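Please follow the explanation below with the sequence and the model open.

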Amino acid sequence: MKFLYFLCLFFSFQMYAQDDTFARDYFKSGDFEKALHEYKKLYAQSPSNINYIFQIVSTYQQLEQYNEAESFLKTLMQRVNYPAFIVELGFNYQLKNDMQNANANYTKALEKIDENPSNVFAIVRSFQSHALLNEAIVAYEKAAALNPDYNFNLQLAQLYGEQGNIEKMFVSYIDFAEANPIALSNIQRAITDFISEDGMQENNILFRKILLKKAQESPSLIWNELLSWLFVQQKDYKKAFLQEKAIYNRQPESLDRIGELALTAFNENDVEMAKEIFTFITQTAQDTETLLEAHYNLLQLETKQTSPENYQQIESRYQELFKKFGLFASTLKIQIAYAHFLAFYMNDAIKATTFLEKTLELPLTELQQAEVKLELGDILVLQEKFNEALIYFTQIQRTLKNSTISQQARYKVAQASYYKGDFKWAESQLKILKASTSQLIANDALDLKLVISDFKDEDSLQTALKLYAKADLLAFQNKKEAAILLLDKIMAEHKTEPIVAQALFKQAQLYTELSKFEKAETNYETLIANYSAGILIDDAYFKLAQLYENTLNQPEKAKVFYEKIIFNHADSIYFVDARKHYRALRGDAIN
C-alpha cells in the first residue's frame, strides 16, 4: 500500500510540475489565453500560491482584460489581507489610464506601512516590479523613519542610481558604508560605475565634496579610505598618499595599504610617486620584512631609471643593504635581485653566478633553493649556456612537482629550447603549460607556442623563425638595440612571410621600452595597414591606443583604435579595457 501511495504522489507531483512548465512556456511564447487557462488550473489546486496569483493578474493584463484582473484582485483582497495586492490593483488602474484610482491605491498601500513597518518588503517588491521607483523610495523612507532598526541605505542607493539622482545615491552608499564598514569594498564596486578617471568630472567632484563634508561633521578613517580610493581611481597618487598617511598616523599598525599604493603607482607608470612612497616606507617601517620589501622595490625602480654610467651607485646600494641586514634567508629576494643586476645590467655573469652559488650554501627551504636556481638558470641562458641552464630548471621540476615555480621552470625549459632552435621540444613543453594553474604562465606559454606553431613550417630550414628566436634572446639579454637590428633583417629578407607581422609587433614593443615612441607608432601603423587579418591586429590596436593616450597625448587618435576593438573585436582580451578607456576619453556622462 505504501508503495502505491508514493507512486501516486510521484505521478501527481510530475503532472503538477508539468502543468507549471506548460503555463510558463505559454506565457513566454505569448500564448496568453492558454497560459491563463493553465494558471487558473494551478491556482484552483493551490489558491495560496502567491506566484500563481501574480501570474494570473499579469496574464489578464497582457490580454488587456483589465476589468477581469480588477475583479480577480478585489475578490482576492476580501479573502486575503496582503498589502502588495493594493499595489497590483493600483497598477492595473494605471494600465487603464485611470491615474486617480492608481495613485489612491498607491497611497493606500503606503499607509499600510504606518500600520506595520514590516509591510514595506512586500509593498516595495510590487512597486519595483512595475518600475514605480518613486513610490518604492517613499516606502523605504517611511519604514526607516518608523523603525530605526531598518537600514535601507543600500536599497535606496540603488534606486536613486536608477533614477539618476547621483547625489542621494552617493549619500546613501556612504551612510551604508559608515554603518557597515565590512561592506566597504562592495560599496566601492557599486560607485565605480558612476565615477571616472577624470577628477574634474561632475560626479567625481560631487563624491569628493560629500566625503569632505562627512569628514568635517564626523571624523572617521572610513572617509580617508574612500577619499584615497577615489584619488586612486583618478590616478592622483599624490593625494591618495596624503590620505593613506593620515590613516597610518591614526592607526600605525601596518604599512600594507601604503605599500599597495606604491605598487599601484608603479604599475600605472607614476614612477616618481612610487619612489616617494617606497622611500617613506623605508624611513617609517619598524619590521624588517616591510623594510626589505620597500628597499627591494626602490632598487628595481632606480635600476630601470638609471643610465649605465650610474650602475655603480646601484651596486653600492645593494652592498650597503647586505652590510646592514646581512646575507641571510631574510634577504634572499634582494640577493637574487642583486645577482640579476650584476648579470643583466653590469654584464658580469661570472660574479653573479659566484654570488648565487654562495647563496645556495645558506640554510634555505626547497622553495627558496628553487628561486635561486631559477635565477642561476636565467643567467646561464643569458650566456647562451642552454644545456647547463636546463639542468637547473629540470632540478626544480623534479624537486617541487606541480608547484607554480615548477611550472615556471618548465616554461623556462621551453624558452631555452626555443632560443637554441629546438622548436619541437619547446612546443611539446608549451602544450603542457597551456593548462597551468598560473594564468600568467599559461598566457605566456600560449603566446610562445603560437609563435612557434605559426612560423615553424614557413620553410624547411626555419630560417626566419631562428632569426626571430635569436632576436627574442637578444631582448632577454637586455640587448634591445641589437634585437631591433635583427628584426630589421627578418623584415628585409622575408618580406612575403607572415612572420613580418610578428617582427613588427616585437620591434614596436622594444621601441617603447627604449622610449622611441614615434618609431613604435610607425610599426603599429604598418602592422595595421598590411596585416589587418592577422591574429595580432587587436594587440596592435590596443598598444597603439595606449601609446596615443598615455605617452603621445593624442586622445582623439586613441579613441579611434579603442573603438575598432569595441566594434570589430568583441572577443578580444582587450575588449573590456578598450571600452573603459574609450568611454573615459569620450567623456561619457555616467548616470
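Helix H14 runs over residues 237–250 of this predicted model. Its 14 residues, at 1.5 Å a residue, should span 20 Å, and the end C-alpha atoms are 20 Å apart, so expectation and model agree.

Seven positions can be named on the buried part of H14: Tyr-237, Ala-240, Phe-241, Gln-243, Glu-244, Ile-247 and Tyr-248. These residues lie on the same side of H14, because the arc they cover around the axis is only 165°. Exposed residues on the other side of H14 are Leu-242 and Asn-249. As for what the buried residues of H14 pack against, the partners are helix H13 (221–233), helix H15 (256–267) and helix H16 (271–284).

The buried set in H29 consists of Ala-520, Glu-521, Asn-523, Tyr-524, Leu-527 and Ile-528. Around the axis they take up an arc of only 165°, and therefore they sit on the same side of H29. Glu-518, Ala-529 and Asn-530 are exposed on the other side of H29. Helix H28 (499–513), helix H30 (537–551) and helix H31 (555–568) are the elements against which the buried residues of H29 pack.

Technical notes: Residues numbered from 1 in each chain as written. Predicted model: local features only at pLDDT ≥ 70, side-chain atom pairs only at ≥ 80, totals over all residues. Heavy atoms only, no water. Helix = DSSP H or I, 4+ residues; strand = E, 2+ residues; numbered from the N terminus. Expected span 1.5 Å × (residues − 1). Buried < 20%, exposed > 50% of the residue type's maximum accessible area, 1.4 Å probe, protein only. Arc of directions from axis to C-beta. Contact = heavy atoms within 4.5 Å.
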